[in-house]
Amino acid sequence: MGLTSLNFFLFLAASLVVYFQLSEKYQWRWLLAVSCFFYVYCSRTLSVFIAITCVATYVLSILIEKSELRYKDELKRIKTGELDLDKKAAKAQNLRRKRACIWAAALINVGMLVVLKFWDLIFTDINTRFFGGAENFVPLLHIGLPLGISFYTFQAVGYLVDVYRKQVAAEHNFFKAALFITFFPQIVQGPISRFGQLSPELYSGHKFDFKNLTDGFYLMLWGMFKKMVIADRAGIMVDYVFYDYQNFSGWQFWVAAFAYAFQMYGDFSGGIDIVRGGAKMFGIEMVDNFERPYFSKDIPEFWRRWHMTLGTWFRDYLFYPMSLSSTAQKVSKSLRKKGHLHLAKMLPAHVSCIVLWLANGAWHGAGTQYIVFGLYHGVLTVLSEEYHGKLVQLGDKLHINQKCASFSFFQMARTFFLVAVGRVIYITPNFGASLTILKSMFTAKNVGIFFNEGLYKLGLDRPDFYVLVFACLVLLVVEIFQERMKIREWLYEQNLYFRWGLAFGLIFTVLIFGVYGHGYDAAGFIYMQY
Amino acid sequence: MTRKNVIKLISASLIFIIIFGILTAVLEPKWNYYGNQTQTRVQAFYRQEKDSQDVIYLGSSFSYCGISPLKIWEEQGISGYVFSNPAQKAWISAYYLEEALKYQTPEVVIYEAGAILDEEETDEGHNRKNIDYLRWSPTKLKAIMTVCKNTGESKKEYLFPLLRFHSRWSDLDQSDFHLAWDSSYYLMGTALKLTTRPASQKNIAKYEAWQPGTMETQKSDIGPKCTDAVLQMKKLCQEKGIKFQLVRMPSMQWSPEAGETVQQFADENQIPFLDMNLHREEIGVNWRTDTHDKGMHLNILGCEKASSFLGKYLKENYKFETKMSEDNRKFWDASAAKFNSLVESYTLPVIKDCEDYARALGNEDFITAVTVCGTTGSYFTDRQRQAFSELGLKVPKTDAEKGTAYSALLDGKKVVREKTKAGVAKTKPYTWGEDTFWVVSGDLSHSGKTLVTVGENEYKVNKPGLNIVVYDKTLGQVVDVVNFDTTQEGVPAKHVKQPLIEDDGGE
């Protein structure tokens, strides 16, 4: 049941109708029921894995909280003399118990994710290389990937860490905890929500609000435009060029790389808009995941605007723990003693950044190209953080106005270029092919494709190419407005005829120009495989 | 929800439905080809006067290629409609009959049995040609469910064709926006197959050797789906007191054993069956000229013959009391005349003999321009001259050295312009309707000036010998341009193909 399928919209509509018939007390139960139905419908027997995650997360969160309560009780009893135990020892025991729970969570949840995602990939490679056949030594699992396993795993682990850090209280109702993990709009591709933000939205009832309905509808419509008109159309060109890359070269790869940039953005942000719009119809606010990332002026800013919930997840649950760990503190201290003040300040952050990006790359896939992709962005981020100040000084010395619109545009173009190149690293199934493509891109000579109708031989004929370009321009204009105002609020200030004209225009643009149905290889969302 | 919001929601839904409907109508393929208007055939059926059809003809392409209700009307006064479409399976024909009987109460329903031995489902394109333009009704829904069940195709794409055809936006042309009904349609379901692709002599010999009971091969069976469908058609007819008949048009895509299989089935189920392949001598189909696809289907010439035979059969075996308004009768008469004109016009391009051609020109419906380019040469025979003179044309025997310019114009059988001259012979203009005719010819020194102009169109008829341009008044267009090279032995004919009607060639 894809997010742009008719079945999904019918399912959403039916869920909404029943939701608002129920009293607020029962609404969250209904959400859980439809979420479970949705998941089982999509994943069938693989649903057992999300069930394990729900049970493990619930049990471990309770155990973490119980450990903390036990520690508090121990402190009271130590104070009153009832318990003969050192406070530090009690604290250490508490930390050990809680960490054991976190490790158990990592083992179970992240372990399942790693095994299901990478076992067959890695051992197919090993078996083939060293034992002459894909299944000749280590047996493969042939299980497949449960829907949204990365997203719900990260969300569950994030919840447990938040409980561990006492940022949120553990949810004592198993079914409510399960709803947080399985909530159906977000299960496909996120966003990765925080318990503290999402749980009040999920568990409290909502009265029917027509504005929420229309708000959600507009958001979903916009998401469908980005996904079906832009992303899926760009995807035709991307597949055509990069999967048959031996027949293309130079500027053809550049055009396809830029198309890929729009495909990724349209697909992912479009899907998130549909998810958030669907949730909004229930009255549930979900965090946004994108903030017009192609307007970023440097790589760090790009990753603060792109897949924001994953970025903050990595920051809060990987980056900070690593960079603020005792090992990092020791290294920092040692460097400070030797007089390397800047290095003492930045090295833990930089190393953590590289490790984080390697993890990010691995999350995308098991091949060399994903590791290189991670390294590429890790290095760019470190370099940007390291040399940003120096570049600003250089610009000042060269009397370059770094606050004007043209310079901002240059920065955005530069960032877009770097991101587009970075994606080419993992666009093909093997790294060697990616290198061949990159080499061809940087020695491009066939600029004639822009003048001899070569643009219409990259998988999209002329009309489709024009639609893609025009749709991207519409996207650009809307996002320029979004940088300056809340566009939906502005829309509500307009007359009904204008709003309806826009809505109908968008609906029929999606219906007519959307890439779906017969003859289109309109598979699901790209990130659904994660 | 407040009342205001409910009204907004309903209004928005209505607007959505209206726009959706318009876009569907624009983006849906029109399934109309010049030689086979599959969409119009269905839409025109609904526009027939209620209960005015004596016969409903069902089936697949064999029916609309081989049956002309206009021919049968002209000769026997029996009205009918060919309510069929390409590759139509028996089970779809049953739905077509169910649909037809909501609007017509014929005396007879004829099912053309070309598809009766075929249990395989057809492809999506053919299914859509059959189903898409039926009016929305439980019958259409049943047809959709059946097809989707058989083929696994998407029901929602049949229910909402926009979902299937939205990608046609880049292929739209003017005809897609022409949504208004074309009231000029008159063919009563017949497809105009105006090309000839002869069957091979080998296949003709094999066909002519067919005799029932002489083949030793096993009979084939009629499968369960087709059996059920035909019996369903019979039942629908019986319920309304309508007679039901099986017919097989002349076709080389048949065999004696197929005929015997169907005959046996018909006998077992008390359904009359007319296998026209067994009456081929009486019908007189010429498989060199009367087929547009090497013997599988008839073309317009074969259709005329087959329809004539079928009309006689119907008259002899059934009683008809045609209920039709006077205006409709006039429309049928005019349509039959137009159809005849079309057939006659089509006959011209296949005539290779100069004398025969001259005799075919004596048609009130033609305006004929005759020119001599350069010279009539030494092979223009007296018989040929005589044939032209019977039309009133004095085509000269021209001077061997200098040649003679000769230009003439016939309106029907009347000579309206004629000029013989040395040098250049140019007639005065002649106007008929909105078209003006000029005829110019030149002798040997001026042969390049030979030209016929009809309206804004010029026909460079400057090949040696006789050059003839024939204009059909009913069709309002030039239907043939031919050169008879009287300077060569045998007087070879060369016809320049005119866009009488484009043929899609296949169905």
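Buried means under 20% relative accessible area, exposed means over 50%, and partly exposed lies in between (1.4 Å probe, protein chains only). This is a predicted model: local features need pLDDT of at least 70, side-chain atom pairs count only at pLDDT 80 or more, and totals for chains, interfaces and linings use all residues. Residues are numbered from 1 along each chain as its sequence is written, chains are lettered from A and ligands numbered from 1 in the order in which they are written, and side-chain values use heavy atoms, without hydrogens and water.

**View 1. B:Tyr46 and B:Tyr103 form an edge-to-face aromatic pair.** Rings of Phe, Tyr and Trp (its six-membered ring) pair if their centres lie within 6.5 Å; planes under 30 degrees apart are stacked, over 60 edge-to-face, and the rest tilted. Here the centres are 5.1 Å apart, with 85° between the planes. B:Tyr103 is partly exposed because its relative accessibility is 22%. B:Tyr46, at 9%, counts as buried.

**View 2. A:Phe268 and A:Phe290 also form an edge-to-face pair.**

**View 3. The charged end of A:Lys98 sits over the ring of A:Tyr164.** The rule: NZ of Lys or CZ of Arg is within 6 Å of the ring centre and within 35 degrees of the ring normal. For A:Lys98, the distance to the ring centre is 4.9 Å.

**View 4. A:Arg423 lies over the face of A:Trp306.** The distance to the ring centre is 4.5 Å.
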